[in-house]
Amino acid sequence: MQIQFWGAARSVTGTMHLLSVNGHQVLIDCGLMQGRRKEAFEANRNLPFDARDVDAVILTHAHIDHSGNLPSLVRAGFRGHIFATSATRDLAGLMLLDSAHIQEQDVAYVNKRRQKQGKNLFEPLYTQADAMAAIDLFRSVEYGQVFEPIPGVRAHFIDAGHILGSASVVIDSHHDGRPLRTLFSGDIGRKGLPILRDPQIAAGVDYVIMESTYGDRLHETPDQARESLRLAAETTYRRGGKLLIPCFAVGRTQEIVYRLNQLWEEGRLPQMDVFVDSPLAVNATEVFRLHPECFDREMLDVMLREHDHDPFGFTRLRYVRSVEQSKELNDLQHPAIIISASGMCEAGRILHHLKNNIEDHRTMILFVGFQADNTLGRKILEGQDPVPVFGEPMRVRAEVRQALGYSAHADQAELISWFNRVRQQGSVQRVFLVHGEEPASRALADLLARPADAPPIEIPFRGDKVTLVA
């Protein structure tokens, strides 16, 4: 078996790992690369392999950096099955259509200005029709259910605890008649967080392809993160401004709403309206309600205990779907919390809220998730001023804060713990660290390699190909 690393190699977006086994090919994830607009567009449009040669896709979870380029794959000729858990299938269907809609919408918005300036017009990476073609290829597989994506390869999902439906992928194959087990971690979640079960591990693993997003840092505790959220709300309320929370529509939005619901139930949230302004987040929250089989015991207990049995709703919370309702938020004259996608401020309604509020000193921008290199979110977080919003420079007069405890990714200590548990139940021969910027991957590699009996820890470059032997 050979693996070629085509995405999220020394970076955190665009995950794609191509497996070649006995003349067949399986793609693990097909994520959207994000960052510098022109470079990202070209990388996403021009796949580094022939899509027609790929027999199947195994999708670890629905986040766009793992699923978002599936329409491009199908557009380029892929016609196989896309295997995913049922919750991932439901979420990915929403996210791919939303991604296509946002791309069409944003291109139309920018093209109005470019047409007036006599410039060439842009085109979207893919359309909603392309997204629908990809959705039609999904096949649901539940946790623990063995399936055969290509002849001679058996696979099953285990719970990664990252977002609803997220999975690590266990691949069983043979080399020279001997069994070979490879574990793709996907994005590893955190132990003890609300809503989802803790990450599981697999036994008897020979090779590990492991994420390293936060390989160089530790998170706040959940209690510290909740306090950061409360203080941000209180500070913004006192000065009469808006608290903008750029938020991934799937997973992070639901956790923030869950925490705000807790603060409201405890009487610790200021008397301010809360708006979830993202059609995708609204729809995704409904999908969460349809999949209680993914919830942990705490979440199930809360659902039974609360008077409204709804941890994703409270009196001052409003879910915003229509464009008209979203525009009305620009005219609010009282303090409010606005949760909006995308989480890295690369697209979606958060851009309109930034355009209308980033130059107001009463505004606070609270980042609750990872901001990849060269994204607008990263530029704001690092203190760049001015920053480009819809291509126009805008001064950053808003206060900018970050709450690190809301990450759905394991931190350094949690990654090490996860790996040690995998090692204890197998005989790991090699480890490949992906889905991490180079400093984070190197820091984690150094720590994983410290034990005298540690296996080789490698950080592949994009395009690197390795052969796995039993």
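Predicted model: local features only at pLDDT ≥ 70, side-chain atom pairs only at ≥ 80, totals over all residues.
Visitor: How many helices and strands does the protein have?

Guide: The protein has 14 helices and 22 strands, where helices (H or I, at least four residues) and strands (E, at least two) are DSSP runs numbered from the N terminus. Its radius of gyration, taken over C-alpha atoms, is 22 Å, close to the 23 Å that the globule rule (2.2 Å times the number of residues to the power 0.38) gives for 470 residues, so the protein is as compact as a globular protein of that length. The C-alpha trace spans about 70 × 55 × 40 Å along the principal axes.

Visitor: In what order do the strands of the open sheet lie?

Guide: Strands of a sheet pair through backbone hydrogen bonds, either parallel or antiparallel. Here six strands form an open sheet in the order 14-13-15-12-16-19, with parallel pairing; two strands pair if DSSP finds at least two bridges between them. Strand 14 (317-320) and strand 19 (399-402) stand at the edges with a single partner strand each, so one side of each is left without a neighbour in the sheet. The twist from one strand to the next averages 20°, with axes being lines fitted to C-alpha atoms (for helices over the stretch in contact) and angles running from 0 to 180 degrees between N-to-C directions. Within this sheet, strand 13 (residues 273-277) pairs with strand 15 (residues 336-340) over four bridges, and Phe275 stands opposite Ile338 in strand 15.

Visitor: Which strands does helix 7 lie across?

Guide: Helix 7 (residues 252-265) lies across strand 12 (242-246), strand 13, strand 14 and strand 15, and runs at about 155° to strand 15. Helix 8 (residues 279-290) lies across strand 13 and strand 14, and runs at about 110° to strand 14.

Visitor: How is the packing of two helices described?

Guide: Two packed helices are described by the angle between their axes and the distance between the axes. The axes of helix 4 (residues 86-116) and helix 5 (residues 128-135) come within 8 Å and cross at roughly 165°.

Visitor: Which residues of helix 4 meet helix 8?

Guide: Asp90, Leu91, Leu94, Met95 and Asp98 in helix 4 meet Leu280, Asn283, Ala284 and Val287 in helix 8. The axes of these two helices come within 10 Å and cross at roughly 170°, and helix 4 and helix 8 are therefore roughly antiparallel to each other.

Visitor: What joins strand 9 to strand 10?

Guide: Seven bridges join strand 9 (residues 167-175) to strand 10 (residues 178-184), and the two run antiparallel, with Leu180 in strand 10 as the bridge partner of Ser173. The two strands form a hairpin with two residues between them, and Asp176 in the turn has a positive phi of about 55°.

Technical notes:
Residues numbered from 1 in each chain as written. Heavy atoms only, no water. Contact = heavy atoms within 4.5 Å. Parallel < 35°, antiparallel > 145°, perpendicular 65-115°, else oblique.
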